[in-house]
Amino acid sequence: MNGKTILVTGGTSGIGKALAEHLVNTGHRVIITGRNQDRINQVAQTLGCTGYVADSANPAQLKQLAATLQSDNIRLDGLVLNAGVFYPGSILTTTEEAFDLTMNINTKGPWFTLQQLHPILNNPSSVVFVSSIAVTNAFASAAIYSASKAAFEAIARVANLEFAADGIRINAVRPGVTATEIQSKAGMTTEQQKALFASLDQTALGRVLSPDDQIGAIAFLLSDQSIAMRNAVLEVSGGYGL
Ligand SMILES: NC(=O)c1ccc[n+]([C@@H]2O[C@H](COP(=O)([O-])OP(=O)(O)OC[C@H]3O[C@@H](n4cnc5c(N)ncnc54)[C@H](OP(=O)(O)O)[C@@H]3O)[C@@H](O)[C@H]2O)c1
């Protein structure tokens, strides 16, 4: 897998950043997106890649991203729809605003990113959806998050048919609990994070996952090795819930 051009949404931290770093180090041209210009600039400079602000919850920014890339004659061999959030909330107390925020970032965002970037996806190209084991495992206070990722996976299934003639393949990874900023952004205290991570000692792997643990599956799906795969779901959970 040499010299591909790959865009990673949400490349400023966690899984997206670790993946972007790996892809740069293995000879690819990498483009990252995020919400914060300063953060994007800092990460892009450190990693040696390009970065753009494109809020997943803002279709106008996604349209602008596509227009900018098109005007720069950029074509993509790979697209990783990784940007995502986890804002916990029980079914009984969640507001409409909170519901919409998660769905806008985790489901609507990937939809419009795919729609807008479709014209610059090469034939062949690989789109990787970063989903979650929350699609198949219940976690308290994670109903919206689970629903947002399940809907996101449903989009992939149909997109594989609609984009078949364009040589675009879409597959997904489902990370298990991975130590990233997502836990603190979810409002978890350091103590709560420690307790969560310690509970992962019970998995077959025997520890919490790191962003680096997620790289292999995504890089494989981006590579020509996955050329015949459509709608595959690779779970990288350390054996959570076996
Ligand atoms: N960590 C886990 O346990 C876990 C488990 C299963 C699945 N996942 C999934 O893995 C993906 C990456 O999560 P992570 O754990 O690496 O979290 P993270 O460290 O918080 O990284 C999330 C990335 O997405 C970006 N992002 C968030 N909202 C965005 C928006 N509206 N528009 C554009 N970019 C946005 C963030 O940018 P900012 O710098 O602006 O925040 C950041 O770059 C997510 O889709 C998540 O649902 C994570």
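A residue is called exposed when its relative accessible area is over 50%, buried when under 20%, and partly exposed in between, with a 1.4 Å probe and protein chains only as cover. The model is predicted, so local features need pLDDT of at least 70, side-chain atom pairs count only at pLDDT 80 or more, and totals for chains, interfaces and linings use all residues. Residues are numbered from 1 along each chain as its sequence is written, and side-chain values use heavy atoms, leaving out hydrogens and water.

Phi of Asn73 is positive, near 55 degrees, and the residue is not a glycine. Asn73 lies in the loop between α3 (59-71) and β4 (76-81). Helices (H or I, at least four residues) and strands (E, at least two) are DSSP runs, numbered from the N terminus. Asn73 is exposed, with a relative accessible area of 68%. Asn231 also has a positive phi, about 60 degrees, without being a glycine. The loop between α8 (215-222) and β7 (233-236) holds Asn231. Asn231 is partly exposed, at a relative accessible area of 27%.

The backbone has another feature to look at. Asn123 and Pro124 are joined by a cis peptide bond, with omega about 5 degrees. Pro124 belongs to strand β5 (residues 121-130).

Now turn to the ligand. There are 32 residues around the ligand, and Thr12, Ser56, Asn82, Tyr145 and Thr180 come nearest. A residue counts as near if one of its heavy atoms lies within 4 Å of the molecule. By class, this shell has 11 nonpolar, 15 polar and six charged residues. Ala, Val, Leu, Ile, Met, Phe, Trp, Tyr, Cys and Pro count as nonpolar, Asp, Glu, Lys and Arg as charged, and the others, Gly among them, as polar.

For Ser13 the distance is 2.7 Å. For Arg35 it is 2.9 Å. For Tyr145 it is 2.6 Å. Taken alone, the ligand exposes 880 Å², and the protein buries 97% of that. These areas come from the Shrake-Rupley method with a 1.4 Å probe.

Which elements give two or more residues to the shell around the ligand? They are α1 (14-25), α5 (143-162) and α6 (182-185). The most come from α6, with three residues.

Key:
Polar contact = N/O pair within 3.5 Å; in protein donor to acceptor, adjacent residues only side chain to side chain.
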